[in-house]
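Please have the sequence and the model open while reading.

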Amino acid sequence: MTTEDTTRRDNTRTLEEGVRSDFTTAMSYGDYLHLDKVLSAQQPLSHPLQHDEMLFIIQHQTSELWLKLMLHELRSARELIKADELAPALKRLARIKHIQHQLTDQWSVLATLTPSEYAQFRSFLASSSGFQSYQYREVEFILGNKNADMLPVFEHDPAAQADLRRLLSEPSLYDEFLAFLSRRGYDIPASRLQRDWSKPYTLEPDLVPTLKLIYEDPHEHWGVYETCEELVDIEDNFQFWRFRHLKTVERIIGSKPGTGGSSGVPFLRKALDLTFFPELYAVRGEISEVAPS
């Protein structure tokens, strides 16, 4: 009788001889990942304990982990572009898009929380709100949505506030890409190369003709053309995330204000008008149509 036959009959899988089982002096999977800390970080506050609070906590904790990875990749992509290493930067941007899909898909899980279920523990959140996620603000800052008015929100956390202040004063990912284009000989307006980095990025009409040149001859400008499209993908994904956030909140609390003091859904809806890379959208209306041959 073969091992395969035994496995099928007993519905078990015999451990191979080389599989390690003694971790008294060796590093285990749990040790490497510090699972004792990670899995003990879920501390519901509702009393009596409400079953659905665990979903709410894990949803937001996992989102923060994905945001941490996204920031790791965004910082690396920005530095690679600054160093004129476009190919590995594109790899980072591709990974960021997959992270964004994970973050957006998570809203489907939270959307299973009904208004009555959320109402059972919402008061225990007190004034805490996702609005106070400093990692989310860091993502917005590094992508170009700078907003100095956000800094006072983090006065209670000097380290987070310092990180945000640093990102506020640094060029964004898009700023570095435009500087890269300039070094490659593309005509980039001086207003985009020397500006107050702490201000949110706004549309520069004089940049559109340069992007039109790239878009009308992709094969001649393939590397930068591909980067432009990767950036558009990232913005689209970010907007999908914002929209799913809005609709999930609307589904659960309706017209109620947010726990952090915002108006709730109306406040979230305003974010849909924000943009990271305005010229990459403006150029789409400028592409010349090619006559059929």
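Burial is judged here from relative accessible area, with buried meaning under 20%, exposed over 50% and partly exposed in between, computed with a 1.4 Å probe on protein chains only. The model is predicted, so local features need pLDDT of at least 70 and side-chain atom pairs count only at pLDDT 80 or more, while totals for chains, interfaces and linings use all residues. Residues are numbered from 1 along each chain as its sequence is written, and side-chain values use heavy atoms, with hydrogens and water left out. The structure holds 15 salt bridges, a salt bridge being a side-chain nitrogen of Lys or Arg within 4 Å of a carboxyl oxygen of Asp or Glu.

**The pair E140 and R242**

- The side chains of E140 and R242 form a salt bridge with an N to O distance of 2.7 Å.
- Because E140 belongs to helix α7 (residues 134-143) and R242 to helix α12 (residues 222-253), this pair ties together parts that are 102 residues apart in sequence; helices are DSSP runs of H or I with at least four residues, strands are runs of E with at least two, and both are numbered from the N terminus.
- Both partners are buried, E140 at 6% relative accessibility and R242 with a relative accessible area of 4%.

**N145 beside this pair**

- Apart from neighbours within four places in sequence, N145 is in contact (heavy atoms within 4.5 Å) with E140, R242, L274, T275 and F276.

**R78 and its two partners**

- R78 is buried at 7% relative accessibility, and its side chain meets that of E79 in a salt bridge of 3.7 Å, N to O.
- The side chain of R78 also forms a salt bridge with that of E170, at 3.0 Å from N to O.
- Since R78 lies in helix α4 (residues 53-82) and E170 in the loop between α8 (158-169) and α9 (173-183), the pair ties together parts 92 residues apart in sequence.

**A linked group**

- E73, R92 and R95 are joined in a network of salt bridges.
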